[in-house]
Amino acid sequence: TTITFIQETAAQKESFEAEQLYIQERAVHEIGKVPLTYLGLHLKGMLNFFLDPGRFDLYNFMGWENQEEGGWQATFSDEGYAGLWKRFSRLPAGRIGLLVAILLGNLLKLIGLGLFLFNGSVPRVYKWILVGMILYISGLTGISGASRFAVPVFPILLICASLGWSTLID
């Protein structure tokens with residue numbers, strides 16, 4: 001495959017720096033061949049940044065043994081929703097409940113962030129700076145968009161989402 005060829009060629013470079021520069025040049029070249037496809041994947045990763053329940057991090061934090069190979073994103077890429085459902089249904093009920101609760105909480109945060117833009121008590125410039133900062137970090141995460149990358153903006157996201165939901169209460 002193209003990736004294997006790039007990795008094998010890069011491994012023959014004289015230094016780590018030369019290897020990484022070669023990989024970067026080839027990656028940019030390959031992405032340039034399909035920019036709209038890449039854009040779609042990048043935007044999907046940005047959405048994942050907000051919704052990912054962080055199963056990998058949760059398993060590590062709780063000390064749970066992971067019996068499964070690869071992540072859920074890899075399963076989705078290989079097998080689609082049917083593969084995710086099959087994998088999800090094998091989990092213990094408590095873990096399913098916890099992951100669903102986290103996912104729902106993340107969905108509420110994302111909706112709250114959208115509502116924040118309509119909060120009249122916050123000056124427009126502050127709204128755009130705060131939301132822009134969150135979207136910037138989300139954009140930097142790229143295709144992976146894993147929840148762990150949201151840690152730096154989590155407090156800002158939580159405050160903005162809370163202010164967003166307060167627009168419905170006022």
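**View 1. Helix 2 (16-33) is part of what covers the buried residues of helix 1.** In this predicted model, local features need pLDDT of at least 70 and side-chain atom pairs count only at pLDDT 80 or more, whereas totals for chains, interfaces and linings use all residues. Residues are numbered from 1 along each chain as its sequence is written, and side-chain values use heavy atoms, with hydrogens and water left out. Within helix 1, which runs over residues 2-11, the buried positions are I6, T9 and A10; buried denotes under 20% relative accessible area, exposed over 50%, and partly exposed the range in between, with a 1.4 Å probe and protein chains only. Seen down the axis of helix 1, these buried residues fall within an arc of 100 degrees, so they line one face of the helix, the arc being that of the directions from the helix axis to the C-beta atoms. Helices (H or I, at least four residues) and strands (E, at least two) are DSSP runs numbered from the N terminus.

**View 2. S138 is a buried residue of helix 7.** Helix 7 comprises residues 124-141, and the relative accessible area of S138 within it is 0%. When residues up to four places away in sequence are not counted, S138 touches M46, F49 and F50, a contact being defined by heavy atoms within 4.5 Å. The C-alpha atom of S138 is separated by 9.2 Å from that of V153, which is 15 residues apart from S138 along the chain.

**View 3. L41 is a partly exposed residue of helix 3.** Helix 3 covers residues 35-51, and L41 within it has a relative accessible area of 37%. Between the C-alpha atoms of L41 and V100, which are 59 residues apart along the chain, the separation is 24 Å.

**View 4. The protein chain that holds these sites has eight helices and zero strands.** Buried residues make up 31% of the 170 residues, and of the contacts with a separation of 6 or more, 63% are accounted for by residues 24 or more positions apart.
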